[in-house]
Amino acid sequence: MAETDARPEESDSGEQPLEADRLRDLLLAPGYLQALAFSALVGVPVSLVAFWFLAGLHKLEHLVWADLPHELGWDTPPWWWPLPLLLVAGVVVGLVAVRLPGGGGQVPASGLHAGGAAPVTLPGVLIAATASLPLGAVLGPEAPLIALGGGLALLFRGLVRGPATPKTTMLLAAAGAAAAIAAIFGNPLVAAVLLMEVAGAGGPQLFAVMLPALLSSGVGALVFTGFGHWTGLETGSLSLRLPMPFPRLDAGDVLWTIALALAVAVFLHPVLTAARRVAAFVSAGVLGRTVLCAVAAAACAALYALITGRTPADVALSGQATLGRLAADPQAWGVGALVAVLLFKGVAYALCLGSLRGGLVFPALFLGAAAGVLVAPLPGLGLAPAMAAGMAAASAATLRLPVSSVALVALLLGGVAMMPVVILAAVIAFVTTELLPRDTSSG
């Protein structure tokens with residue numbers, strides 16, 4: 001009887017025993033458990049470095065865009081403020097790209113990459129990110145953090161003379177990147193999901209990459225959270241405070257979400273195409289053309305400030321801080337200001353993606369949120385669903401990582417009340433982006 005009971009268990013699962021055996025073999029492979037243990041250890045120093053890096057960027061940005069203008073007698077930066085700052089950023093990034101190993105990291109127009117940077121390239125990554133992000137580049141810190149975390153993990157592996165097989169190199173790079181990027185997202189699960197999707201692994205290999213990334217980012221989250229409370233320093237917050245409670249979703253919200261997701265994907269497609277063309281343009285003369293593109297992005301911010309009378313920081317910088325202000329007081333933005341920020345920040349975003357150094361996430365989130373606020377007065381659509389759908393659509397269209405986009409927007413909103421429109425918008429924008437014609441002229 002026991003024998004007959006056992007056979008259905010073996011046959012019911014079909015291919016499952018084979019997959020389970022493969023996963024077990026991966027877990028028991030030489031060096032994997034050692035790499036898993038090392039991932040927990042490496043999360044501590046990597047997250048500390050990431051914390052200080054982000055805190056330094058945050059302090060420098062506040063100094064340049066708030067403290068210094070105030071000391072000079074302005075309540076907000078004057079319209080011309082981004083021009084000298086991004087000129088300096090372009091010169092520094094151009095010199096780093098030409099003269100230092102690794103060129104200061106990946107050009108962000110090529111998307112996020114999970115591979116760890118070689119330790120020798122880390123000085124260039126740090127210098128280029130420090131020159132780009134606080135001085136007004138329309139980019140976020142996540143790409144430099146991925147490179148920094150992966151490179152530091154490999155550096156620590158070399159210091160302790162750990163095993164240097166291709167598999168352990170991949171695992172430790174992913175673990176270090178997850179520990180570092182968890183510092184900006186403030187959530188180890190989002191960091192691990194993002195790294196899994198960026199890596200593009202599947203099946204048992206997905207678990208092999210996931211476990212070190214999840215473990216290391218979890219340990220890192222404990223460290224940088226506690227360190228932040230202890231030091232009192234800030235690295236930026238991803239928690240949005242909308243001025244009203246979340247409403248119940250209805251048919252109008254769902255129908256408008258479909259239209260909004262399509263519109264956001266179609267709007268961002270030429271922006272990302274232009275970014276790849278800018279990258280190809282810059283590669284033909286790196287120093288001079290990097291400076292030219294940086295100054296052109298600054299001109300976008302300056303023109304926006306002249307036309308609208310608002311601060312040029314609305315267009316310059318990543319948009320992380322501006323996103324919080326937009327969510328807290330959307331009524332402060334008129335229709336003209338919203339249209340202008342979408343147009344000027346979209347152009348500046350494309351220019352910075354192809355020339356400076358940083359990540360894609362935060363400007364995309366801001367553009368999606370601004371589009372949501374713009375259409376929120378439509379009949380049957382509310383502010384919260386519109387912003388949620390806009391951010392999810394923009395993130396999915398830009399990153400082409402739908403699961404990570406859903407997780408990130410859920411983190412921003414602080415709950416799952418808007419999850420149906422978030423998922424719907426992310427899927428529609430992702431599919432639309434994949435179906436739109438690809439530009440092959442930029443390489």
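Me: Happy to look at this with you; what are patches made of here?
Reply: Patches are made of residues with over 30% relative accessible area and no salt bridge, with like charges joined within 9 Å and nonpolar side chains (Val, Leu, Ile, Met, Phe, Trp, Tyr) within 5 Å. A salt bridge is a side-chain nitrogen of Lys or Arg within 4 Å of a carboxyl oxygen of Asp or Glu. This is a predicted model, where local features need pLDDT of at least 70, side-chain atom pairs count only at pLDDT 80 or more, and totals for chains, interfaces and linings use all residues. Residues are numbered from 1 along each chain as its sequence is written, and side-chain values use heavy atoms, leaving out hydrogens and water.

Me: Which helix gives the most to the nonpolar patch?
Reply: The patch covers about 780 Å² (Shrake-Rupley method, 1.4 Å probe), and L303, L306 and I307 are among its residues. Helices are DSSP runs of H or I, at least four residues, numbered from the N terminus. With three residues, the top contributor is helix α11.

Me: Is I307 buried or exposed?
Reply: I307 lies in helix α11. Buried means under 20% relative accessible area, exposed over 50%, and partly exposed in between (1.4 Å probe, protein chains only). At 58% relative accessibility, I307 therefore counts as exposed.

Me: How many residues of α14 are buried?
Reply: Helix α14 takes in residues 361-375. It is largely enclosed by the rest of the structure, because the buried residues number 13 of the 15.

Me: How far apart in space are A299 and P82?
Reply: A299 is found in helix α11. In sequence, A299 and P82 are 217 residues apart. From C-alpha to C-alpha, their separation in space is 7.6 Å.

Technical notes
Helices (H or I, at least four residues) and strands (E, at least two) are DSSP runs, numbered from the N terminus. The expected span of a helix is 1.5 Å times one less than its number of residues.
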